[in-house]
Amino acid sequence: MATTTVPPAPKVNRIGLPVLDYRGGKTTLCAGCGHNAISERIIDAMYELGLKPESIMKLSGIGCSSKSPAYFLSRAHSFNSVHGRMPSVATGAMLANKNMLALGVSGDGDTASIGMGQFVHLMRRNLPMIYIIEDNGVYGLTKGQFSATADIGSTLKTGVINDLPPIDTCSLAIQLGATFVGRSFSGDKPQLNAMLKAAFSHKGTVMLDVISPCVTFNDHIGSTKSYKFMQEHDEPINEIGFVPSYEEIDVDYEPGTTIDVRMHDGAQLRLKKLREDYNPTDKVQAVKMLMEAHQNGEVLTGVFYVNPEAPTIIDQLNLVDDALATLPQERTRPGKDVLDKLMAAHM
Amino acid sequence: MATGEVALSEQQSSPSAQKRIVNDFSIQVATVNGSGSQSANSILLKAIFGMGIPVSGKNLFPSNIAGLPTWYTIRASKNGYVARKQEVDVLVAMNPESAKDDVLALRPGAAVVFEGNLDLPQYRSDVSFYPVPFDKITAAVCPEAKLRKLVRNMVYVGVVAKLIDLDMKAVEAAVRKQFAKKQKAADLNWAAVQAGYDFAAESLTKADPYYLEPMNATAGKIIIDGNTAAGIGCVFAGVTVAAWYPITPSTSVIEAVIDTLKRYRVEEDGKASFAVIQAEDELAAVGMVLGAGWAGARAMTATSGPGISLMAEFSGLGYWAEIPGVIFDVQRTGPSTGMPTRTSQADLLSTAFLSHGDTKHVLLLPGNVKECYELAGASFDLAERLQTPIFVLSDLDLGMNNWMSEPFTYPDKPLDRGKVLTAEDLTKLGGFARYKDVDGDAIGYRTLPGTDHPAAAYFTRGSGHNEKAGYTEKPDDYIQQMERLNKKWETARTLVPKPVIVQDGKSKIGIIAFGTTDPAITESRDQLRLEYGIETDYLRLRAYPFSQEIFDFIASHERIYVAEQNRDAQLATLIKMELKPTDIAKLRNILHYNGLPVDARSLTDQLAKQEGN
């Protein structure tokens, strides 16, 4: 008996795109690298939210992490820039076209060492962008030196012990003015997925520190950025639920156990409290919680701080609605009368 | 008052018999930094300008807020010479600290206006001294003690006005314009000028030969500094993003950009069609420029030598990734802890090759304030046409001093936004290869982020890319891109501003210069002709890479003098890189690098000496 097989239509999202349209080139990172998992989560989040790939600008600095934008969203423009200086490139790009979504991928070396100068000023400006630190505590491309996020007492494969304190990029970002700050783990699929989705709804700077183990140089016993260490020490402070603006918000929850944050675009971030002292709108408490966790040897994950309405640098510049990049000459070159007036003033 | 006794040395003839020197002398005002003499000096300059006499002013100031000596020189020149003049003819000695040295440096016959309680006449018997009781005169016109420090400067304006026959109507017009929005200040300052004038009329006897007479050589002209001119140029070039970090002497470029944008580029709904960000440092400033240029904006920054050094890494990326951007370098001497308020042309080589690897950059070299305006405009067009960072090299002398100029002309061409593909283009083409030489000019087509087409995106990185912007480390791909960039350099050679050539076809000697060396060369060529009988041709460069005219000029002369304001003959070095050995042998150097604006006499002496005089 003859049968005709009709290939099933590919599954598509709410804007009619299959997940394939969110993919990128084949990764050249090591098998098992946490960064690849983060790329997957970015693809999932964008596909599930139905965001158009062309609406994104991918920006990165230098390092293993910064290579990863080549491995997701091939249909988005991407700029692999200079070591530690991606924030300035992102700032310029967003000034040129504020109607884009900027997604920056950096690493712990790219951010916390060479890039610290630009990182802190990016946070201060509350530039609309998602800034992800793929944090593994080591320099991979130069073969395994400690970075500035490595914990005191952690060891390299060679036995070298780190005796300098780590920079906590999350508490730093909160102090400096970032308005959405969280930490996740590349191995925690639901948490990272929800956090990324919420990030796309935020209007200011989102700073996500994602612990992303380096299987080649920093996944051994003695490392505090290994899969095993994270599985044992990951302390989520909240369970993150995200309801995008186009979905109806479910109101069924137990009072007092969750905190709902209405995002700028109407989406809802629902944070189910796992700790008594947790309040995601209180900067001081968030930083205190992070500092105490350090003392206790805990690695907190979750959304630490969120302020959905704080003005961004783009708000403060009061830019015209259209992208500056493509304004027509009539709007960018003043008329001859203006030049005549300026000349007369110098006569 | 015993003015007559000190006014003139015994040996000199009486003033009436002395030859009048008209509209051809320099005034130097020696003050203390922070004493507020800027307005007074500006009024002197503009009043001379108002009399129709060609004039130029130069502020020679220290890196200091207040307290160190500073000099302002004004040159009136009936011949229209606007370069610095080495010799000071009329000194206004307001700074007790520098007064003795200032007086000792004068030529015989010079005039000195000074605070009467300083015993300056003891140092010289061959110059005219005019003692003025500044404090007494100031106190009489300015009851408010705290304003006296500023008003005091206006007294010397009046004294000088009387001594050199400066038209008081022109002075009053300049005072009223300077304090246009402050009627009270205008009245007070004008009263001080008049008091100075009256004192001089009553108590001083003219004994020096320097006089002004009205001319008609400034009608329709403007007076402006190069940085303001450049800032205006950027706005008429449609700049949309400016990122910067403060550094002398470039800061006023951005101040002019901001001022002009705020006045003329805020739309009816109150929103800005521009974004200006004060960056955390120069690395961030140029990073923002490249980010904005990549995303399609007309973006610029302005800096000086130390900032250029910090921009090195990004500049290389801009070259390799082919991203437009405009970078003004208002050159000054040396390093950060050098002489930041002194001028030079010493960033030429370091900027031409700024960064690592086989990088080279297009440089534009304005020689006057009008070109600061025009080349600012050209720089944005070239940046987008050539898809590369463009450096505009001005200097402190051009950027921060006031220069006479023809008024600027409104651009007659539309903005050239370069090769950018839209979504519609992509639909027609079916796709594109970012780094492919489609048109034979080695310039690829680019797309901007946000272009709504599935084939619009490409991945931007440094040199490791093929025609389609795909990652590669293959030798053949690398060579192909390297060669294309070199071919693009040849395209640049045909697009950059041509040199300005003055040539009579007979002279065997050619002079090559650029930037602010120009006015000194113009004067020096006259000196060489009149004093030594040496005729010269002259080529003023306006850009790098060099266009063919430069090589033709060198080939058609026996000896070429390259005049520039640095120690190491940087321009000559750059030219030699592209010359045949026979032509290299023709090149000689004329250098000026003491931090002061170059003067004609220094150039004339060096050239004449090398010509055997």
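Modeller: A residue is buried if 20 or more other C-beta atoms, placed from the backbone, lie within 10 Å of its own, exposed if 12 or fewer do, and partly exposed in between. This is a predicted model, in which local features need pLDDT of at least 70 and side-chain atom pairs count only at pLDDT 80 or more, while totals for chains, interfaces and linings use all residues. Residues are numbered from 1 along each chain as its sequence is written, and chains are lettered from A and ligands numbered from 1 in the order in which they are written.

Biologist: What percentage of the 613 residues in chain B is buried?

Modeller: Chain B has 22 helices and 24 strands, taken as DSSP runs (H or I of at least four residues for helices, E of at least two for strands) and numbered from the N terminus. The radius of gyration, taken over C-alpha atoms, is 27 Å, close to the 25 Å of the globule rule for 613 residues, so chain B is as compact as a globular protein of that length; the rule is 2.2 Å times the number of residues to the power 0.38. Of those 613 residues, the buried share is 55%.

Biologist: Which element gives the largest share of the side of chain B that touches chain A?

Modeller: Counting a contact where two C-beta atoms, placed from the backbone, lie within 7 Å, 56 residues of chain B meet 48 residues of chain A. Elements giving two or more residues to this side of chain B include β9 (222-225), α8 (226-236) and α12 (312-321). By class this side has 39 nonpolar, 9 polar and 8 charged residues, where Ala, Val, Leu, Ile, Met, Phe, Trp, Tyr, Cys and Pro are nonpolar, Asp, Glu, Lys and Arg charged, and the others, Gly among them, polar. The largest share, 9 residues, comes from α10(B).

Biologist: Which residue stands opposite S78(A)?

Modeller: Strand β2 (residues 77-80) of chain A pairs with β18(B) in the parallel sense over 2 bridges, and pairing requires that DSSP find at least two bridges. In β18(B), the residue opposite S78(A) is F459(B).

Biologist: Which residue of β5(B) is the bridge partner of Q28(B)?

Modeller: An open sheet of 6 strands in chain B, with mixed pairing, has the order β3-β4-β2-β5-β6-β7, and its edge strands, each pairing on one side only, are β3 (55-60) and β7 (128-132). Within chain B, strands β2 (residues 24-32) and β5 (residues 90-93) run parallel and are joined by 4 bridges. The partner of Q28(B) in β5(B) is L91(B).

Biologist: How far apart are the centres of domain 2 and domain 3 of chain B, taken over C-alpha atoms?

Modeller: The domain assignment, whose bounds come from an automatic or database source, places domain 2 at 224-405 and domain 3 at 423-495 of chain B. Their contact takes 13 residues from domain 2 and 14 residues from domain 3, and the side of domain 2 divides into 8 nonpolar, 2 polar and 3 charged residues. The two centres are separated by 26 Å.

Biologist: Which residue follows α18(B) with a positive phi?

Modeller: Helix α18 (residues 517-532) of chain B has several buried residues, among them I521(B), R525(B) and L528(B). The buried residues of α18(B) pack against β20 (509-514), β21 (537-541), β23 (559-564) and α22 (600-610) of chain B. With a positive phi, near 70 degrees, the residue that follows α18(B) is G533(B).
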